[in-house]
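Thanks, everyone. I'll take this one from the overall fold down to individual residues. Please have the sequence and the structure up while I talk.

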Amino acid sequence: MMDWTTSHFRYLARQLSRHALLYTEMVTTGALIYGDTARFLRHEPAEYPLALQLGGSDAGELAHCAKLAEQFGFDEVNLNVGCPSDRVQNNMIGACLMGHPDKVAEGVRAMIEATSLPVTVKHRIGIDGRESWDDLCEFIEKVSGAGCKTFIVHARIAILEGLSPKENRDVPPLKYDWVYALKQKYPHLEIIINGGIKTFGECNEHLQHTDGVMLGREAYNNPWLLASVDSEFFGAPASTLSRHDALRAMYPFIQSELERGVYLTHISRHLLGLFHGQPGGRQFRRYISENAHKSGAGLEVIQTALEKVREPEPALIAEA
Ligand SMILES: Cc1cc2nc3c(=O)[nH]c(=O)nc-3n(C[C@H](O)[C@H](O)[C@H](O)COP(=O)(O)O)c2cc1C
């Protein structure tokens, strides 16, 4: 998620779940090819398993970037066919590509030829003007025909004329049954459902009909949810880690980021959700918001903010 799932957020997420697959922000092929490649692909091995999400439509450029994904150690390369922003539409990136399934298929085929990494596609169930079931099936058939086996489906259409990106994440109605129907019609494909999912109860319900679940906003706003993912879905023993432990485990990383010149706010804003709904959480967030932007602010801001939240006794952690 742009500006959200930065390396700093992913590092926090990885303290909480070893197994959840994490995704980068979308990076355009143009940025990777003509910009500072190493900066755009920067991540920590501690973040694995990690998928690189690309935005683009030129087959040659996508192939080149898929190779880069492999060279830089990513575990998967994903093509964004869901972003509705005007900026990307003008460059034939994102959801507008739902209207050009042949072009997506050509790009996916080129990526698959260029890399041994899994190549996956994240898309909508349609866009305005191409929102029928047949349109969706044509998209899936052409793109799977090019070799894509995994589709992450945001279960609402994108309205490219007249809605902002934010509205496009809430206004068009969710149609989970369409995603379930895709899995029924194409049982050989891996179908991952996305959109509006917040609880494990909802995840378990979706898993009756699909192969996987992707959480966006809830995982970011309430990252502690991730602390139970491994035991709930991956058969791991229940975690004994506390929120305090998770944050403290980030200190060496935060310190090394500060030492290479990263501003504390660029890191700390992704930590604000950790005490979501907890007593003291507001004081934690307030202390960071009031102090992290100050000149010379360092790790001590996070340490002091953490002291604002009472640390649970070890025996209470499981229930917290
Ligand atoms: C701030 C923000 C940035 C996003 N950026 C991306 C992106 O870069 N690539 C992408 O595929 N989806 C992006 N999305 C969409 C989410 O991945 C997801 O599809 C959408 O929010 C619906 O899922 P959710 O209800 O679980 O959040 C973004 C969403 C938000 C809120």
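The protein has 16 helices and 7 strands, and bear in mind that this is a predicted model. On overall dimensions, the radius of gyration is 20 Å, close to the 20 Å given by the globule rule for 320 residues, so the protein is as compact as a globular protein of that length. Along the principal axes, the C-alpha atoms fill a box of roughly 55 × 45 × 40 Å. Of the 320 residues, 40% are buried. If you take contacts between residues at least 6 apart in sequence, 71% of them join residues at least 24 apart.

Now the domains. The domain assignment gives two entries: domain 1, residues 7-225, and domain 2, residues 243-319. Their C-alpha centres lie 30 Å apart. The contact between them takes 12 residues from domain 1 and 12 residues from domain 2.

Which elements give two or more residues to the domain 1 side of that contact? They are α1, residues 7-16, and α10, residues 217-221. The largest share comes from α1, with 6 residues. By residue type, the domain 1 side divides into 7 nonpolar, 4 polar and 1 charged.

Next, the core. The largest nonpolar core has 84 residues, and the members that touch the most others are V77, A95, V108, V143 and V153. Helix α6, residues 101-114, supplies the largest share of this core, 6 residues. Where does the core lie relative to the two domains? Domain 1 and domain 2 both give residues to this core, so it lies between them.

Setting aside neighbours within four places in sequence, V143 is in contact with P101, V104, A105, V108, V121 and C148.

Last, the ligand. There are 20 residues around the ligand, and those that come nearest are M1, M2, M26, G216 and R217. The elements giving two or more residues to this shell are β1, residues 22-28, and α10. The shell residues divide into 7 nonpolar, 8 polar and 5 charged.

How values were computed:
Residues are numbered from 1 along each chain as its sequence is written. This is a predicted model: local features need pLDDT of at least 70, side-chain atom pairs count only at pLDDT 80 or more; totals for chains, interfaces and linings use all residues. Domain bounds come from an automatic or database domain assignment. Two residues are in contact if their C-beta atoms, placed from the backbone, lie within 7 Å. Helices (H or I, at least four residues) and strands (E, at least two) are DSSP runs, numbered from the N terminus. Ala, Val, Leu, Ile, Met, Phe, Trp, Tyr, Cys and Pro count as nonpolar, Asp, Glu, Lys and Arg as charged, and the others, Gly among them, as polar. The radius of gyration is taken over C-alpha atoms; the globule rule is 2.2 Å times the number of residues to the power 0.38. A residue is buried if 20 or more other C-beta atoms lie within 10 Å of its own, exposed if 12 or fewer, and partly exposed in between; C-beta atoms are placed from the backbone. A residue is near a molecule or strand if its C-beta atom, placed from the backbone, lies within 6 Å of it. A nonpolar core is a set of buried Ala, Val, Leu, Ile, Met, Phe, Trp, Tyr and Cys residues joined through C-beta atoms within 7 Å.
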